[in-house]
Amino acid sequence: MSSTVITNIATLVTNDPSLGDGSPLGLVQDAAVVIDGDHVVWTGESSKAPATDNRVDAGGRAVLPGFVDSHSHLVFAGDRTREFNARMSGRAYSAGGIRTTVAATRAASDAELEANLTRYLDEALRQGTTTFETKSGYGLTVADESRALRIAAAHTDEVTYLGAHIVSPDFADDPAGYVSLVTGEMLDACAPHARWIDVFCEKGAFDGDQARAILTAGKAKGLHPRIHANQLSYGPGVQLAVELDAASADHCTHLTDADVDALANSGTVATLLPGAEFSTRAEWPDARRLLDAGATVALSTDCNPGSSFTSSVPFCIALAVRDMGMTPDEAVWSATAGGAAALRRDDVGRLTPGVRADLTLLDAPSHVHLAYRPGVPLVTGVWRQGVRVV
């Protein structure tokens, strides 16, 4: 293995408040990063960088940790353009559209699903995402859910079993029977391929009692809970997430004061998904309210073919700053260190000695440009595990 210094960095985001300016982003000006193998071994001012085998000149650009996208749905087939067009023409969004993707995914071959997955992973990587989570949830049979997870697990360690996305159309008249399948035979087949278990706790999907039964069964199989919570309406999802020590409660659009307090006083991250609100013209989550209460917030894409068909974390950062009350610093932290917290990872989302060498180089002098120049492809270099891949 050889060592490399990336030097002449105008602004380095470390997410270590003990470094640089002492802010949560730990900003270092005129900075350098040293990579040895697949890890960061040094960060600091360029003039103090140790000697290395190789040198990369950042050219007065900004460097930040690779984005950590902690919520996506990338194992699918089909297209929901018609649904999106109808929604933009006035039809309300509901959970029912998932059935369209279920039918297409069931009909697709393994090769087609994997090709689709890798297409969007490559797309995300070009936009600076170096760690991602992805879910099943578009098969809703034992065979289709387990194959989705097997395909996903070949590309990431952050794989989530979401058999409880909606009640399968095959069990439309027997929701209790479907919950029994999800917590029984389907769970047995899927658990070996997953780290997490998730449930869509929402009207039209699963109620609080059903969600508790599903997540509890997953915990008994060694899967840690996450939960789609309080997206379309007020409900029990956030309180259930905190009760079960879920790593994250995702969406968090409709929150009571008690929900906000519960998140602020727990280890559960509030993962906000502004792409969904953008694509459904729904009410924006109030990030400012959560941050002011002391909750940990993550930003993620929710990339899926129905309600948030974007793989761009920079786009979500711009939305969060413009429409959710976040500062540029808060949004960048939430898309890096916040995403890592939502995955309970301490080896990504930061640039300090000992972490994985996942870095994003911007064609801009500051991370603030991610919100300042929305829609502009600013990512000009990406290192993943010490190897430059973009």
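Helix α3 gives the largest share of the lining of the second largest cavity, namely 3 residues. The model is predicted.

- Rolling a probe the size of a water molecule over the atoms shows where empty space is left.
- The lining of the second largest cavity consists of D69, S72, L74, Y120, L121, A124, T129, F132, T301, C303 and S311.
- Two elements, α3 (110-126) and β6 (129-135), each contribute at least two residues to this lining.
- By residue type, the lining of the second largest cavity has 6 nonpolar, 4 polar and 1 charged.

**Helix α12: buried residues**

- Helix α12 covers residues 313-323, and its buried residues are V313, P314, C316, I317, A318, L319 and A320.
- Buried here means under 20% relative accessible area.
- The cover over the buried residues of α12 includes the strands β5 (67-69), β6 and β13 (297-299).
- The helices α10 (274-280), α13 (328-342) and α14 (369-372) are also included in that cover.

- At the N-terminal end, α12 is capped by S312, with a side-chain oxygen 3.1 Å from the backbone nitrogen of F315.
- Just after α12 comes G325, which has a positive phi of about 80°.

Note on methods. Residues numbered from 1 in each chain as written. Predicted model: local features only at pLDDT ≥ 70, side-chain atom pairs only at ≥ 80, totals over all residues. Heavy atoms only, no water. 1 Å grid on protein atoms, 1.4 Å probe; cavity = no way out; pocket = protein on both sides within 12 Å on 5 of 7 lines; lining within 4 Å. Helix = DSSP H or I, 4+ residues; strand = E, 2+ residues; numbered from the N terminus. Nonpolar A, V, L, I, M, F, W, Y, C, P; charged D, E, K, R; others polar. Buried < 20%, exposed > 50% of the residue type's maximum accessible area, 1.4 Å probe, protein only. Contact = heavy atoms within 4.5 Å. Polar contact = N/O pair within 3.5 Å; in protein donor to acceptor, adjacent residues only side chain to side chain.
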